[in-house]
Amino acid sequence: MPVYQAPLRDYQFVLNELLNVYQQDELRGFDEIDTELVNAILQGMAEFSTEIMLPLNPVGDLEGCRLEEGQVKTATGFKVAYEQYVENGWGTLTSDPAYGGQGLPNVVGLFILEMTAATNMSFAMYPGLTHGAYSAIHAHGSDELKQKYLEKLVSGEWAGTMNLTESHAGTDLALLRTKALPLGDEKYAISGEKIFISSGDHDLSDNIVHLVLARLPNAPAGVKGISLFAVPKYLINDDGSLGEANQLSATGLEHKMGLHGNSTCVMLFDGAVGELVGEAHQGLRAMFTMMNEARLGVGIQGLAVSNIAYQNALLYAKERIQGRALSGPKDNAQAADPILVHGDVRRMLLAQKAFNEGTRGLMGQQSLWLDMAIRHNDPEQAKEGAALAALFTPVVKGFVTDQAFKACVDAQQVFGGHGYVHEWGMEQFVRDLRISMIYEGTNGVQALDLVGRKLLSDKGAALSLWSEQVKQFIAENHRNIAMQPYLMGLMQSAGDLEKATSFIASKAEKSPDIIGAASMPYLQLMGITVLAWIWARMASIALQALDTGTQEDAFYQSKLQTAQFYMDYWAVQTQSLRLQVETSSDSIAEFDDALF
């Protein structure tokens, strides 16, 4: 079975040194956190995830979920583990204290999510979706709806889901057919079938609150006619107790490539009673509160699984002896050298390490921007935080999961034939993580969102906002000789991004198909560039620590050498991606359909 070591020191580095979260006095609630509190929380989850969740990961994979007499049963041990999760209050950390939450910043809860997804991605999805349902109702629900649902969702006594997809309507939600008929007393009868519903039914919680997209009678066509409804598995009595079963059921379980421990259901709503969340015909807006949170969560899944795969691949590479180093034997006492001496193994491991640590910094930055959007005392700063978080949402979902999956495949490759068999756990990581590139909007959709909506719709305003931060960092450090290797990589990447952006902007109006054709290489280019920015900042911090003296020379030297590798191996890829944008987009858009 795989092992896992929570990267607690790296969490401290990101929170305290990269993001300075304990000095963010202008953000409401940040004055209530300190190093001791946060470290205690992270240590607690490190123990829970490693001791309770990790051993259940292969169990969930082998047993899966089963549908018995209309009820889904989870794998052995999941229910007990979930009860412990709820009892420990892990789901309450970042929720509103008015409903039983602890009110901690998103940037703290981020690493709780990483540890749970790393040790058991299937299990982590149950409370993850619940928090998404909480967020949607908290942001858009009436006071009555909040009082009815939020306290139970926050505690984890009740779970939540989101129901969007129908067999004929995936990304194009304008096609959905599920109906909502008024029953009076602000209740509606919801009828329709939804597919691919993660955590759609299970035996972990007392109730499940489904957030369902549906159409009211005479609703406008397209996405403007979609409303959102809260539809509980069990109806709720006036005193808050559970009543009879609602008219909904899981009619099937999907047989999937991975994530066997999470129930992915076909859900049938047959006149089920629901209540409107937010305003009529504004359901997509309300649902996007949940989806945008989910997209960050999917990116965290990518980082998490990539990191546990890396940890195990590194351990294997140090222990597995095979062949000799090209420069000569490194250990004459053994019949062969550890495979860590081989150049291609080192390349794969370093690529994973640089990606994982850089992405952890990016995820922290994204979460801090989200906290700025809702907690900053200055409305203009809050607006900037919201704009930057929106801009980078497709990056933290699309780019991160693309590269995280490749990192998992490389980690599997390090194991050779052992990576292909179940007992080592690597093939499960690959199978589980593959869905991250598909659900919550495929990565092609993320790329189109980045270019078509986030980049062109505001004429690059949000991108310019971030670009100014990059330029300011370069200006502040350009006289530092020791920073030159890191600044050169960042400036090269940023220059390629600027040129690719200009190319798309100049062509988009006359040739709209260019947007779709160029979007994927542009997404990858932007992802690599933002990680170059993160790595340059981390290199600056490491240099300062080493200059002023530290008890952790090895930690900061590792940061510096990894930053150099990132610039040498990752950042140089932006040139070819820019050329792809500029040279292949026309070929893609203009290729004759009949010649495919």
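**Figure 1. Lys459 in the predicted model, a residue exposed at its position in a loop**. In this predicted model, Lys459 is exposed, and its relative accessible area is 79%. The residue belongs to the loop that connects helix 12 (443–455) with helix 13 (461–477). Lys459 counts as exposed because its relative accessible area of 79% lies over the cut-off of 50%.

**Figure 2. Asp185, a residue with positive phi between two strands**. Asp185 is placed in the loop between strand 4 (179–184) and strand 5 (187–198). Although Asp185 is not a glycine, its phi is positive, at about 55 degrees. The relative accessible area of Asp185 is 67%; the residue is therefore exposed, the cut-off being over 50%.

**Figure 3. The largest cavity of the structure and the residues closest to its centre**. The structure holds two cavities of 30 Å³ or more, and the largest has a volume of about 100 Å³. Its lining is made up of 13 residues, of which Gly91, Pro127, Thr130, Leu153 and Val154 are the closest to the centre.

**Figure 4. Helices and residue classes in the lining of the largest cavity**. Two or more lining residues come from each of helix 4 (78–87), helix 6 (121–140) and helix 7 (143–155). Helix 6 makes the greatest contribution to this lining, with four residues. By class, the lining of the largest cavity comprises seven nonpolar and six polar residues, with no charged residue among them.

**Figure 5. The second largest cavity and its lining residues**. The volume of the second largest cavity is about 30 Å³. It is lined by Asn57, Ala117, Ala118, Thr119, Asn120, Met121, Val305, Phe429 and Asp432. Five of the lining residues are nonpolar, three are polar and one is charged.

**Figure 6. Helices 5 and 11 at the second largest cavity**. Helix 5 (106–119) and helix 11 (426–433) each provide at least two residues of the lining of the second largest cavity. Helix 5 gives the most, with three residues. Among the residues that line the second largest cavity are Ala117, Ala118 and Thr119, as well as Phe429 and Asp432.

Methods: Residues numbered from 1 in each chain as written. Predicted model: local features only at pLDDT ≥ 70, side-chain atom pairs only at ≥ 80, totals over all residues. Heavy atoms only, no water. 1 Å grid on protein atoms, 1.4 Å probe; cavity = no way out; pocket = protein on both sides within 12 Å on 5 of 7 lines; lining within 4 Å. Points joined across faces, edges and corners; volume = space filled by probe spheres on them. Nonpolar A, V, L, I, M, F, W, Y, C, P; charged D, E, K, R; others polar. Buried < 20%, exposed > 50% of the residue type's maximum accessible area, 1.4 Å probe, protein only.
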